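Dear colleague,

Here is the structure I said I would pass on. My notes on it follow below.

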Amino acid sequence: MIALERRPNSSRLWLYATPILAVFLTVLSGAILFSVLGFNAIEALTAYFISPLRDSYGLGELTIKATPLAIIAIGLAIGFRANVWNIGAEGQLTLGAITGGGLALLFYGAEGPWLPPLMLIGGMIGGAAWAAIPAFLRTRFNANEILVSLMLTYVAGLLLSYLVTGPWKDPMGFGFPRTRMFGDGALLPTLFAGSRMHIGFPIALVTVAAAWFLIARSFIGFQIKVVGLTPPAAGYAGFSNKRIIWATLLGSGALAGLAGAIEVAGPIGQLTPSISPGYGFTAIIVAFLGRLHPLGILFAALLMALSYIGGESAQIELGLPLAVTGVFQGMLLFFLLASDVLVHYRIKLRPAREGV
């Protein structure tokens, strides 16, 4: 008989091995799924995971998808370490896109290197301001930040829809709900010819490095760890729980807003009713797949970005439904959560009792 026995201490080995196991099980289940759908599993997996990376253009697309995922997941991971659960990064991304894009429209036609940085700063302010709402309600009324931040996501989406169908609608857009295309001075510069890779990816790398320093080498990073692991000890040491809630929510909101501004100033180039395919929610998977560690999050963001462009590639090459992308991400989260049992429990084989 198979039984689970609780470990005296969490297994550090399985803590880092379970994401690898989850990825393996996801690929294996994907192969089975493709076979059930009537496709050659090897061809389907090749189209999904290999074909998108065969040229420089595909690698550039990979970084475009990974950039917002990594930036948002970094902010979420810092909050998760303190048991502050910001689930509304998608809404904060939307507000960052609105504020950053609004600056591009305000200074339409302006030229100069100052406009893109201004848009990115505006995006961070917009995202932080949206995250300040659940921070205030949590610290003032003890409201659940999970529900508040999640519900605000839909409010942000409605606000964006109102703007692109109303006051910010392109008068020359033939009735389509979108703003005018941003001027060239409001777009992020690309890094290589023949690729859409833009300066947002180096910004993501700098964010990863800064997050590592914050967590591993700064005093506030130490406070975040203590508040998350042992709140009574944090209170005894004089660490303010409210201050950590404000800092982590505002920080994660600012990074989500930065990602939104990067999206509209980079690959999109205008405001539309849909800014992202759900980066704010996918970033939650990225954060946990990367074990809340900045370097792990970077690799997890690249893997999750591959699921996006792999789904598009498989749709083009083999006619697979684009919904396969969501299926892969869902299976990855399921196997990650299931595998995490091994961190706290070990599998034991016990002889079956007589009469059972």
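By class, how many nonpolar, polar and charged residues does the lining of the second largest pocket have? The model is a predicted one, and in it that lining has 8 nonpolar, 3 polar and 1 charged residues. The second largest pocket has a volume of about 250 Å³. Helices H1 and H12 (294-318) each give two or more residues to its lining. Among the lining residues are Tyr 16, Pro 19, Arg 291, His 293 and Phe 299.

The largest pocket has a volume of about 680 Å³. It is lined by 18 residues, and the closest to its centre are Leu 15, Arg 81, Leu 229, Arg 291 and Leu 292. Helices H1 (12-36), H3, H8 and H14 (341-344) each supply at least two residues of this lining. Its classes are 8 nonpolar, 5 polar and 5 charged.

On helix H8 (residues 219-229), the buried residues are Gly 221, Gln 223, Ile 224, Val 226, Val 227 and Gly 228. Their cover includes helices H3 (56-81), H7 (200-217), H9 (231-236) and H10 (241-268). Where H8 starts, a side-chain oxygen of Ser 218 comes within 3.1 Å of the backbone nitrogen of Gly 221.

The largest nonpolar core has 92 residues, and those with the most contacts inside it are Phe 34, Leu 69, Ile 72, Met 119, Leu 271 and Val 286. H3 gives the most to this core, with 12 residues. Leaving aside residues up to four places away in sequence, Leu 69 touches Tyr 279, Thr 282, Ala 283, Val 286, Ala 301, Met 304, Ala 305 and Tyr 308.

Regards

Notes
Residues numbered from 1 in each chain as written. Predicted model: local features only at pLDDT ≥ 70, side-chain atom pairs only at ≥ 80, totals over all residues. Heavy atoms only, no water. Buried < 20%, exposed > 50% of the residue type's maximum accessible area, 1.4 Å probe, protein only. Helix = DSSP H or I, 4+ residues; strand = E, 2+ residues; numbered from the N terminus. Contact = heavy atoms within 4.5 Å. Polar contact = N/O pair within 3.5 Å; in protein donor to acceptor, adjacent residues only side chain to side chain. Core = buried A, V, L, I, M, F, W, Y, C linked by side-chain atoms within 4.5 Å. 1 Å grid on protein atoms, 1.4 Å probe; cavity = no way out; pocket = protein on both sides within 12 Å on 5 of 7 lines; lining within 4 Å. Points joined across faces, edges and corners; volume = space filled by probe spheres on them. Nonpolar A, V, L, I, M, F, W, Y, C, P; charged D, E, K, R; others polar.
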